[in-house]
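Open the model in your viewer and keep the selection tool ready. The tour goes stop by stop.

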Amino acid sequence: MQMPTTFFGWVSFLWDKYWLDFLRGLGVTLELAVIGTILGCLIGFVVGIIRSITADRGSSPISRSLMAAVKAVLAAYVEIFRGTPMMVQATVIYYGTMSLWGLDIPSFAAGIIVLSLNIGAYMSESVRGAIGGIDRGQLEGGQAVGMSHGQIMYHVIMPQALKNLIPQIGNTFISAIKDTSVLNVIAVTELYFAAKSVTGTYYRFFETYLIICVIYFVLTFTMSRVLKVLERILEGSRNYELILDDDDDAEVTA
């Protein structure tokens, strides 16, 4: 079999020969990004809400101490996962659980855990900021009508915070697509891992990584455009017209 002699010849050759491996790696990448983003956002919302709860002066010292301890643990979690590289987190969780407790976690499951916890740590701070950005008068108004803290968060605060967080969630998903590449260190067979396998056969590094670079760009560019359209739909119309019924028209005329 005659080998290519030009750059684009090698690109075409590698794609024709290994396109199925690239697509399989892409499928794993998308699966990791989708599951990791969903679980990470759920973790971020729970952690962010708990850390935004203010201590009730009427509560018992035991409950206040318990809440302070929970907040301290969550704060440590956020700082650790925001202050260390995800590649290091992946190796610590994957190999650490095996060394300390003898748990043989599948690499894909370990990748989901690492990605979810990493996203959750960053998302929790965004949730705290979104909750803090809501006018405190709405919280006080809910308390005035007899709503509990949980009811106020569920019916008043979180719907507004969620709307403000939609762009952040979209950007997190796009970042997760790219961040999955570091999980190759624990043998997760995502797109970057597939490229490493291909380079080990023909040692054509530039051509191989150019192929996955194009795949990553097309994927993230497409997702960013879709998310922008979704944001515009959720924002609704920028111009609203006040419609008056006949009785209102008559009152205005009078």
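**Stop 1: an exposed tyrosine**

Select Tyr203: at 58% relative accessibility, this residue counts as exposed, because the cut-off for exposed is over 50%. The model is predicted. Tyr203 sits in the loop between α7 and α8. Check its backbone: phi is positive, about 55°, although Tyr203 is not a glycine. Most residues other than glycine have a negative phi.

**Stop 2: helix α7**

Step back from Tyr203 into α7, the helix that Tyr203 follows. Select residues 191–202, the 12 residues of α7. From first C-alpha to last, α7 reaches 18 Å, close to the 16 Å expected at 1.5 Å a residue.

Which residues of α7 are buried? Colour Leu191, Ala194, Ala195, Val198 and Thr199. They lie on the same side of α7, because they cover an arc of only 140° around the axis.

Now go to the N-terminal end. Glu190 caps α7 there. Draw the distance from its side-chain oxygen to the backbone nitrogen of Tyr192: 2.8 Å.

**Stop 3**

Select Ala187, in the loop between α6 and α7. Ala187 is not a glycine, yet its phi is positive, about 65°. Is Ala187 buried or partly exposed? Ala187 is partly exposed, at 39% relative accessible area.

**Stop 4: the nonpolar cores**

Nonpolar side chains tend to be buried together in soluble globular proteins. Look for the largest nonpolar core here, with 40 residues. Leu14, Phe22 and Leu32 have the most contacts inside it. The elements giving two or more residues to this core are α1 (7–52), α2 (61–83), α3 (86–101), α4 (107–132), α6 (149–179), α7 and α8 (205–235). Of these, α1 gives the most, with 11 residues.

Centre on Leu14. Leaving aside neighbours within four places in sequence, Leu14 is in contact with Trp19, Phe22, Val198, Tyr202, Arg204, Glu207, Thr208 and Ile211. Val198 is one of the buried residues of α7.

Another core lies apart from the largest one. This other core has 15 residues, including Cys41, Met123, Ile131 and Met153.

**Stop 5: a buried serine**

Finish in helix α4, at Ser124. How accessible is Ser124? Its relative accessible area is 0%, so Ser124 is buried. Show what surrounds it. Apart from neighbours within four places in sequence, the residues in contact with Ser124 are Gly44, Val47, Gly48 and Val78.

Note on methods:
Residues numbered from 1 in each chain as written. Predicted model: local features only at pLDDT ≥ 70, side-chain atom pairs only at ≥ 80, totals over all residues. Heavy atoms only, no water. Helix = DSSP H or I, 4+ residues; strand = E, 2+ residues; numbered from the N terminus. Expected span 1.5 Å × (residues − 1). Buried < 20%, exposed > 50% of the residue type's maximum accessible area, 1.4 Å probe, protein only. Arc of directions from axis to C-beta. Polar contact = N/O pair within 3.5 Å; in protein donor to acceptor, adjacent residues only side chain to side chain. Core = buried A, V, L, I, M, F, W, Y, C linked by side-chain atoms within 4.5 Å. Contact = heavy atoms within 4.5 Å.
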